[in-house]
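The sequence and the model are shown first.

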Amino acid sequence: MDMVRFSFPLSDEQKKEKEKLVTKLLKDPYVQEWKKLNHVEDSFIYEHSGRFKDYADIMHKCEHCQGIEFCIQPMKGNRLELYLDGMLQNIIKPCKYLTKENKIYAHEKQYREMDMPKSYLLVDLAKLDLKNESIEYKSSVMQVLQTIMDNESKKGLYLWGKPGAGKSYLAAGICNYYAKKNRKVAFVNVPKLISDLKMMFHDSSAMEEKLRKVANVDVLVFDDIGGESVTPWSRDDILLPLLDQRMENKKITFFTSNYRMGELKEKLTVANGKQMEPMAAERVLERILALSCENFIKGNSRRK
């Protein structure tokens, strides 16, 4: 069936306005470039003058843009452009800044959980500026690099130190390293995980799905372990089974904590602030030891 077209005659004044517009459009550099690329005549611009006016206006908005954060388009980083494929169509295309940003953050799609600032996706361990760092910190970074570059090892690291020493920052770099190699990763803040699971207490399917995602990723970071309120449920029903699965399936697992392993064991011994359960704590610590090697991150707080 042929497409029905409605054509309404223009008044003399409307014709003059349209001719004036088309004359301006034919001099516009963006329209000239489009016309050349698509091999169309001036009459095509005349026929679709309204569409080309919108196109030129959109393109001119981007002329002096200095970055994605300065974008004034309705859809940040995207703009409507004209595409000719038998029919003239509008398509949404990313600008050069968004294209560059998408490339930089491409590995984000490998994250199954990401309890960290988006800025941490930019952490690249191979490009860390260590000039002004202590020998101890440089040594810790080298151990991290050696661990992740050892393709034969299935053991991660237990990064501990004072709050703000840079443990989570390094752990984010670890996740990024593996994500860029197309490995499925998760950066899980343990206190947040426990809190989220409590909220799902009456939705067993949602809880199981979240735990399954965490348990099955290729590389997992347990961030701030020991920062959660320890209860028999959080320790024995959540952490222990997750660690068991990671260990049995030989999945690479990293940890960050404010506590050395011995201190973490003491913290896990006390449930609900009073109940002493040393054997339960020992079971958890055994799994952590099987999954990781202890690495002290020395340094003062970087949170300034």
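A residue counts as buried under 20% relative accessible area, as exposed over 50%, and as partly exposed in between. K213, at 31% relative accessibility, therefore counts as partly exposed. The model is predicted, and the values below are computed from it.

## Overall form

The protein chain has 12 helices and 10 strands. Its radius of gyration is 29 Å, well over the 19 Å that the globule rule gives for 304 residues, so the chain is more spread out than a compact globule. The C-alpha trace spans about 95 × 50 × 35 Å along its principal axes. Of the 304 residues, 40% count as buried. The accessible surface of the chain comes to about 18,300 Å², and carbon and sulfur atoms account for 52% of that area. Where contacts join residues at least 6 apart in sequence, 72% of them join residues at least 24 apart.

Strand β3 (residues 111-114) pairs with β5 in the parallel sense over 3 bridges. Within this pairing, Y111 has V185 of β5 as its bridge partner. Strand β6 (residues 219-223) also runs parallel to β5, and 5 bridges join the two. Here V188 stands opposite F222 of β6.

## Charged contacts

Side chains of opposite charge can pair when their charged atoms come close.

| Salt bridge | N to O distance |
|---|---|
| E113 and K210 | 3.1 Å |
| E113 and K213 | 3.1 Å |
| D218 and K251 | 3.9 Å |

E113 takes part in a salt bridge with K210, with N and O 3.1 Å apart. Because E113 lies in strand β3 and K210 in helix α9 (residues 204-216), this pair ties together parts that are 97 residues apart in sequence. E113 is buried, with a relative accessible area of 12%. K210 likewise counts as buried, at 10% relative accessibility.

E113 also forms a salt bridge with K213, where the closest N and O atoms are 3.1 Å apart. This pair links distant parts of the chain, with E113 in strand β3 and K213 in helix α9, 100 residues apart.

In the salt bridge of D218 and K251, the closest N and O atoms are 3.9 Å apart. It links distant parts of the chain: D218 is in the loop between α9 and β6, K251 is in the loop between α10 (232-248) and β7 (252-257), and the two are 33 residues apart. D218 is partly exposed, with a relative accessible area of 22%. Salt bridges that share partners join E113, D115, K192, D196, K210 and K213 into one network.

Strand β1 (78-85) and strand β2 (residues 87-94) run antiparallel and are joined by 8 bridges. N78 stands opposite P94 of β2. In the hairpin that these strands form, 1 residue lies between them, and G86 takes a positive phi near 85 degrees.

## Surface features

Which residues form a nonpolar patch on the surface? The patch consists of M75, L80 and I92, which together have about 270 Å² of accessible area. M75 is placed in the loop between α4 (49-61) and β1. At 43% relative accessibility, M75 counts as partly exposed.

Is K103 buried or exposed? K103 is found in helix α5 (residues 96-104) and is exposed, with a relative accessible area of 70%. K103 and L170 are 67 residues apart in sequence, and their C-alpha atoms are 22 Å apart in space.

Key. Residues are numbered from 1 along each chain as its sequence is written. This is a predicted model: local features need pLDDT of at least 70, side-chain atom pairs count only at pLDDT 80 or more; totals for chains, interfaces and linings use all residues. Side-chain values use heavy atoms; hydrogens and water are left out. Patches are made of residues with over 30% relative accessible area and no salt bridge: like charges are joined within 9 Å, nonpolar side chains (Val, Leu, Ile, Met, Phe, Trp, Tyr) within 5 Å. Accessible areas come from the Shrake-Rupley method with a 1.4 Å probe; for residues, only the protein chains shown count as cover. A salt bridge is a side-chain nitrogen of Lys or Arg within 4 Å of a carboxyl oxygen of Asp or Glu. Helices (H or I, at least four residues) and strands (E, at least two) are DSSP runs, numbered from the N terminus. Buried means under 20% relative accessible area, exposed over 50%, partly exposed in between (1.4 Å probe, protein chains only). Two strands pair if DSSP finds at least two bridges between them. The radius of gyration is taken over C-alpha atoms; the globule rule is 2.2 Å times the number of residues to the power 0.38. Contact means heavy atoms within 4.5 Å.
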